Amino acid sequence: MKKIPIGISNFKDIIQKNYYFVDKSIFIKDIIDDGSEAILIPRPRRFGKTLNMTMLQTFFEITQEDNSVLFKDLEIHKYKDIMMYQGKYPVISITFKDQKHMEWDVCMQGFKRLVISEFKRHDYILEDENLKSYEKKEFLEILSGKAETISYVEGLKTLSEFLYRYHGKKVIILIDEYDIPLQESYLNKYYNEAVSFMRNFLSAGLKDNPYLEKGILTGILRVAKESIFSGLNNIKVYNLLSSFYNKYFGFTEKEVEETLSYYKIDTEIQLIKTWYNGYNFGGMTIYNPWSILNYVKDAAHNFIAYWANTSSNDLIRDMLKNGTASVKEELEALIRGEKLIKIIDENIVMNEINESTENLWSFLLFSGYLRAVKTEIKDGRTYCTLDIPNNEVKYVYEEIIRKWFKERVNNDEFSQMLKALTIGDMENFEMMFQDIVESTLSYFDTSGESERFYHAFVLGMLVSLKGTHDVKSNRESGYGRYDVMIIPKDKSKLGIIIEFKKVNKRKNETIEEAAQNALKQIKDKKYDVEMKEFGTKDILELGIVFSGKEVLVREN
């Protein structure tokens, strides 16, 4: 029985060392048939991008050994006209997947090392008698790391020319995870420097390069507005909303069923769907391959969040934490299983993500944290109906929310406060709630308004009480008014209705008056009737009022 390739992303190793391989080799045919000179295929992390890129390299690259034997049992071998291209091109292959640095100087050193490594891989060119002395000198300076910075910036084009002259064939350039340095630079405050380098580096290799046969790039996002691809009118982008190449990244349902059958795992496919399905790539249902393979390898076949822990979610956390009150409100809706309709822009602008919620939702979609259930084009804009794909991704959001509170609130204190609330111990609840407001209000809401704190608090309840209660939150019309229902799953337990209010200073309202108005609103709107419809009879009604960081809790 074949080994399960967890963390093995080299095509050659998988085939030669008897690892299980889901055959995506027709991807090669589609790349050849694609008339585009340069192709960008953005997909979420751990969806097989690097494996596919190493497969392309193994197929196309001129080598001394016969790599055609690696494809003899794959689908692509049936296409004799395509197999004629095997081993016929010089290949430049660079991956940025490990370029995660905290400082620009270190990042630049990393860039140089990548270029040096690829020149070293092709150092046989130095044996070419037609190589001019000054060209050989530049080649050696690049290898030594002593060349001028511009030599590394233009490394793709320079090496392309040398390879073309040596082999008499145009070059295939493979760039894997091109946007990793951009995300890291955004987090670590050297974004402009990284963008400048990547723009010039990619332009030199892919724009007006007479030695280029085809360029293929992968990443998580299409980063365009910063002029990364400025002037690259030869590049064609196939994002995850496109039907082109949709079956080559991730597993289709048929491939999942074949994998489970091969390893003799008798699991209901519906359970697999609940946890690892949910992705919609150009109309095709796609499963997370990393999670499927880890599930298969797990002897106990536990349903846990395998994908969630493969990298830091700091960028996602920061974007959601710093989001507006409406962002947190919509996150509540998503966690409750509801859907959002949003305008999606495939051109992610990293340094403008916090300036526009459209940027945020687009980022979450293309990063794999949301799914497009439905896509419509209206007036030239792309509208997507979005939801959380599966339980695994929902776990990511819940962990982000837990970390919000861990950073400023002791977990035990928050749990004790919620316990006091759910059993109706108002004296202790009010005291602990006041402490949390004082320690977190400015953290969750730099503008001084209470809406962000309110929504963060509701999100905390959604996550912390999910095993015992359903938390319902609706934004009411009017200035700063909300209602929350905490509905016990055990109908014999206490149900809680909370009306949050801010003191209306324009009407000279006191905090006590605001609290009584909140309780009156619960009565007038008969929220208890709705609660009773859920089967709960024992109901506690609370009015919670904010006046800056001052909080007053009153009960009926």
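**Entry 1. Strand E1 and its partners**

I began with strand E6 (residues 235-237), which is joined to E1 by three bridges and runs parallel to it. Across this pairing, Leu40 has Val237 in E6 opposite. I note here that the model is a predicted one.

I then looked for another partner and found strand E4 (residues 212-219), parallel to E1 and joined to it by five bridges. In that pairing Pro42 faces Gly219 of E4.

Is strand E1 (residues 38-42) mostly covered or mostly open? It is mostly covered, since five of its five residues are buried. I sorted the side chains by direction: Ala38, Leu40 and Pro42 point one way, Ile39 and Ile41 the other way, and all are buried. In a regular strand, side chains alternate between the two faces of the sheet.

**Entry 2. A three-stranded sheet**

I looked up an open sheet of three strands and read its order as E7-E9-E8, with antiparallel pairing. Strand E7 (251-252) and strand E8 (279-281) are at the edges with a single partner strand each, so one side of each has no neighbour in the sheet.

I followed E8 to strand E9 (residues 284-287) and found three bridges in the antiparallel sense. Phe281 is placed opposite Met284 in E9.

**Entry 3. Aromatic pairs**

I searched the whole structure for aromatic pairs, and the search gave 41. I wrote up two of them.

The ring centres of Phe96 and Phe201 are 6.1 Å apart and the planes stand at 90°, so I logged this pair as edge-to-face. Phe96 is in the loop between strand E2 (91-95) and helix H5 (104-121), while Phe201 is in helix H10 (residues 191-206), so the pair ties together parts 105 residues apart in sequence. Phe96 is buried at a relative accessible area of 1%, and Phe201 is buried with a value of 1%.

For Tyr276 and Tyr295 I read 6.3 Å between ring centres and 50° between planes, so the pair is tilted. Tyr276 belongs to helix H12 (residues 269-276) and Tyr295 to helix H13 (residues 289-297), so this pair ties together parts 19 residues apart in sequence. Tyr276 is buried, with a relative accessible area of 0%; Tyr295 is buried, with 2%.

I also noted a cluster in which ring pairs link Phe11, Phe21, Phe59, Phe60, Phe71 and Tyr89.

**Entry 4. Charges over rings**

Which residue lies over the face of Trp290? I found Arg46 there, 4.3 Å from the ring centre. Lys378 lies over the face of Tyr383, at 5.8 Å from the ring centre.

**Entry 5. Helix H18**

I checked the span of helix H18 (residues 411-423), which has 13 residues. From first C-alpha to last, H18 reaches 18 Å, close to the 18 Å expected at 1.5 Å a residue. Its buried residues include Phe414, Met417, Leu418 and Leu421. Just after H18, I found Gly424 with a positive phi of about 85°.

**Entry 6. Confidence**

I looked up the confidence last. The protein has an average pLDDT of 88, and 91% of the residues score at least 70.

Where pLDDT is low, predicted coordinates should not be read in detail.

How values were computed:
Residues are numbered from 1 along each chain as its sequence is written. This is a predicted model: local features need pLDDT of at least 70, side-chain atom pairs count only at pLDDT 80 or more; totals for chains, interfaces and linings use all residues. Side-chain values use heavy atoms; hydrogens and water are left out. Rings of Phe, Tyr and Trp (its six-membered ring) pair if their centres lie within 6.5 Å; planes under 30 degrees apart count as stacked, over 60 as edge-to-face and the rest as tilted. Helices (H or I, at least four residues) and strands (E, at least two) are DSSP runs, numbered from the N terminus. Buried means under 20% relative accessible area, exposed over 50%, partly exposed in between (1.4 Å probe, protein chains only). A charge sits over a ring if NZ of Lys or CZ of Arg is within 6 Å of the ring centre and within 35 degrees of the ring normal. Two strands pair if DSSP finds at least two bridges between them. pLDDT is the predictor's confidence in each residue, from 0 to 100. The expected span of a helix is 1.5 Å times one less than its number of residues.
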